[in-house]
Amino acid sequence: MFLIAGGPGQGSAGAFNLGSQSNVEGLRYMLPGYTLVAFDNRGTGKSGLLNCPALQATYFPTAEQGAALAGDCAGIIGPRREFYATRDHAEDIEAVRVALGLDRIALHGVSYGTKLSLAYALAHTSA
C-alpha cells in the first residue's frame with residue numbers, strides 16, 4: 001500500500017512516519033495485510049524540498065494573494081518548476097513501484113494525495 005500525503009508539497013515519509021511503531025500499528029489496523037510504503041516525492045520532505053518562505057508562511061490567503069505568492073514561488077524555483085507537476089509525481093510513484101519490483105500496488109491518498117493517486121491510476125492502468 002503506497003501512502004500518499006496531501007499538500008501538494010507534503011512529504012509522505014514524514015507525514016506517515018513509518019518509523020513510529022504506533023503509527024505503523026494504526027495503519028496496519030486500518031490497512032490489514034498490506035506492506036506499507038511511504039516516500040517523499042521530488043520537492044517534498046527529504047527529496048530536494050522546495051523552499052518558498054512567503055508562500056509556506058501564509059495560511060489563509062485570498063485567491064489574489066495565493067496567486068501572487070505562487071507566482072513569486074515560481075520565480076524562486078525558476079525553470080525547473082516544470083518538473084514538479086502532478087504528472088511528474090505520478091511518474092515518481094511508478095519509478096518506486098518498478099524499483100521495488102512490484103507488479104501491482106494499492107494507493108491510499110489523503111487530500112492532494114487522492115488527486116495524485118487518481119492521476120497515477122489513469123496513467124498506469126495495469127499497475
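Which helices each supply at least two residues of the lining of the largest pocket? In this predicted model, in which local features need pLDDT of at least 70, side-chain atom pairs count only at pLDDT 80 or more, and totals for chains, interfaces and linings use all residues, the helices in question are α3 (53-56), α4 (63-77) and α5. Residues are numbered from 1 along each chain as its sequence is written, and side-chain values use heavy atoms, with hydrogens and water left out.

The chain averages a pLDDT of 93, and 99% of its residues score at least 70, pLDDT being the predictor's confidence in each residue on a scale from 0 to 100. Six helices and two strands are present, where helices (H or I, at least four residues) and strands (E, at least two) are DSSP runs numbered from the N terminus. Along the sequence these elements follow the pattern β-α-α-α-α-α-β-α, and the C-alpha atoms fill a box of roughly 45 × 30 × 25 Å, taken along the principal axes. Of the contacts with a separation of 6 or more, 64% are accounted for by residues 24 or more positions apart, contact meaning heavy atoms within 4.5 Å.

Buried residues make up 33% of the 127 residues in the chain, with buried meaning under 20% relative accessible area, exposed over 50%, and partly exposed in between (1.4 Å probe, protein chains only). The largest nonpolar core comprises ten residues, F2, I4, V37, F39, A90, I93, I105, Y112, L116 and Y120; such a core is a set of buried Ala, Val, Leu, Ile, Met, Phe, Trp, Tyr and Cys residues joined through side-chain atoms within 4.5 Å. At least two residues of this core come from each of β1 (2-4), α5 (86-99) and α6 (112-123), and α6 gives the largest share, three residues. Beyond its neighbours within four places in sequence, L116 is in contact with I4, N41, T86, H89, A90 and I93. A second, separate core holds seven residues, including M1, L3, L27 and L36.

S12, which lies in helix α1 (residues 12-16), counts as buried because its relative accessibility is 2%. Leaving aside neighbours within four places in sequence, the contacts of S12 are L3, I4, A5, N17, A38, F39 and D40.

On a 1 Å grid over the protein atoms alone, a cavity is a set of points where a 1.4 Å probe fits but cannot get out, whereas a pocket is an open set with protein on both sides within 12 Å along at least five of seven lines, and lining residues have an atom within 4 Å of a point. Grid points are joined across faces, edges and corners, and a volume is the space filled by probe spheres set on the points. One cavity of 30 Å³ or more is counted, and the largest cavity has a volume of about 80 Å³. Of the 14 residues lining the largest cavity, G6, Q10, N41, T44 and Y112 are the closest to its centre, and the lining has six nonpolar, eight polar and no charged residues.

Note on methods:
Ala, Val, Leu, Ile, Met, Phe, Trp, Tyr, Cys and Pro count as nonpolar, Asp, Glu, Lys and Arg as charged, and the others, Gly among them, as polar.
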